[in-house]
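Me: I am new to this structure and would like to learn how to read its features one at a time. Could you take me through them slowly?

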Amino acid sequence: YKENEDKLIERAPVVTIMGHVDHGKTTLLDNIRNTRVAEKEAGGITQSIGAYQVNYEGKKITFIDTPGHEAFTEMRARGAQATDIVVLIIAADDGVMPQTIEAYNHAKNANVPIIVAINKIDKPNANVDLTKQQMVAKLNLIPEDWGGDTITVPISAKAGQGIDELLEMILLVAEMQEIKCYPEGLARGVIIESKLDKFLGPVATTIVKDGKLKVGDYFVAGSTFGKVRRMIDPSGKNVKMAGPSDPVQILGFEEVPDMHSILYGVKTLHEAKEYVEKKKALEEKVVQKRHIRLEDA
Ligand code: GTP
Ligand code: NA
Ligand code: MG
């Protein structure tokens, strides 16, 4: 991609919500999806493909269904950073808990900017100030309104309070981050979910990071390859093309690709097969070497 550096443009931020168990990740994702996604297209049954996209004030934001912390780290280990921004959700009636700290560390290690959403402010026992004190003491995150630089938004995911402000802050952080992509050329994407569907065969949800993925394109992903037979967007609609930050479910894999592997568009079937053969040969070599080492021991 290097030679096209002049063609870099901004793309929509990809956001992951992380936090302690029961602090409201799913409720927040559902609230945003239900109130902001204007699907209702022909036959529009909203699919659960592990990600969706909203349009807020004319700008797109892609949300990934919360992966476990391990998945987040695994993605990073494979160089497949799917997320641009992490929303760290902390319930105001429970405060900073062990998994809050864990989630924070994962995001910090991945160098992903963090926005804190203090949730459940509708509850009578919610204590926003105490939660902020814990942010400072346990995470070393100082809220902006306390003179620090951590954007902190009080919300009620259940009542829909503070969601607009949260989305605005996401767009603001995205703007500051200058999240860029190469819009043209063969696609590069991150697989965030993959499975063998009873009816559809191997399917995978991919977030395109660069370039364009089109129906009919050949691709490689992890240790498999394929040809895009069909693409389904989060509203359940068949689409012919997906661009940067778009989540799509892809059909046409030879085998189920590894979760969190990177998908690359390639020019020809030959190129795709060659890549996979080389990769398999390399893997065999690694296995053999391990074998020899075991025999030596
Ligand atoms: P896990 O996926 O199990 O880790 O939980 P989660 O973080 O996805 O939390 P979830 O959205 O399932 O919410 C847990 C409980 O808190 C549910 O009963 C929600 O209805 C409730 N809840 C979430 N957000 C709010 C809120 O803003 N206010 C109130 N009162 N309850 C909330
Ligand atoms: Na829960
Ligand atoms: Mg959940």
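**Reading strands, a helix and a ligand shell**

Reply: Let us begin with strand S10 (residues 201-210), which is mostly covered, since 8 of its 10 residues are buried. A residue is called buried if 20 or more other C-beta atoms lie within 10 Å of its own, exposed if 12 or fewer do, and partly exposed in between, with C-beta atoms placed from the backbone. Strands (E, at least two residues) and helices (H or I, at least four) are DSSP runs, numbered from the N terminus. This is a predicted model, in which local features need pLDDT of at least 70 and side-chain atom pairs count only at pLDDT 80 or more, while totals for chains, interfaces and linings use all residues. Residues are numbered from 1 along each chain as its sequence is written, and chains are lettered from A and ligands numbered from 1 in the order in which they are written.

Me: How many bridges join S9 to S10, and in which sense do these strands run?

Reply: Two strands pair if DSSP finds at least two bridges between them. Here strand S9 (residues 188-197) and S10 run antiparallel and are joined by 9 bridges, with Glu193 having Thr205 in S10 as its bridge partner, and a hairpin of 3 residues leads from S9 to S10. S10 also pairs with strand S16 (residues 247-253), again in the antiparallel sense, over 5 bridges, where Val203 has Leu251 as its partner.

Me: What is the order of the strands in the open sheet?

Reply: The open sheet has 6 strands in the order S3-S4-S2-S5-S6-S7, with mixed pairing. Its edge strands, each pairing on one side only, are S3 (51-56) and S7 (152-154). Within this order, S5 (residues 85-91) and S6 (residues 114-119) pair in the parallel sense over 6 bridges, and Ile90 has Ile118 in S6 as its bridge partner.

Me: Why does the span of helix H6 agree with its number of residues?

Reply: The expected span of a helix is 1.5 Å times one less than its number of residues. Helix H6 (residues 269-296) has 28 residues and so should span 40 Å, which agrees with the 41 Å between its end C-alpha atoms. H6 is hardly covered, with 1 buried residue among its 28.

Me: Which residues come nearest to ligand 1?

Reply: A residue is near a molecule if its C-beta atom, placed from the backbone, lies within 6 Å of it. Of the 15 residues around ligand 1, Gly24, Lys25, Thr26, Thr27 and Lys158 come nearest, and helix H1 (residues 25-36) gives the largest share of the shell, 3 residues.
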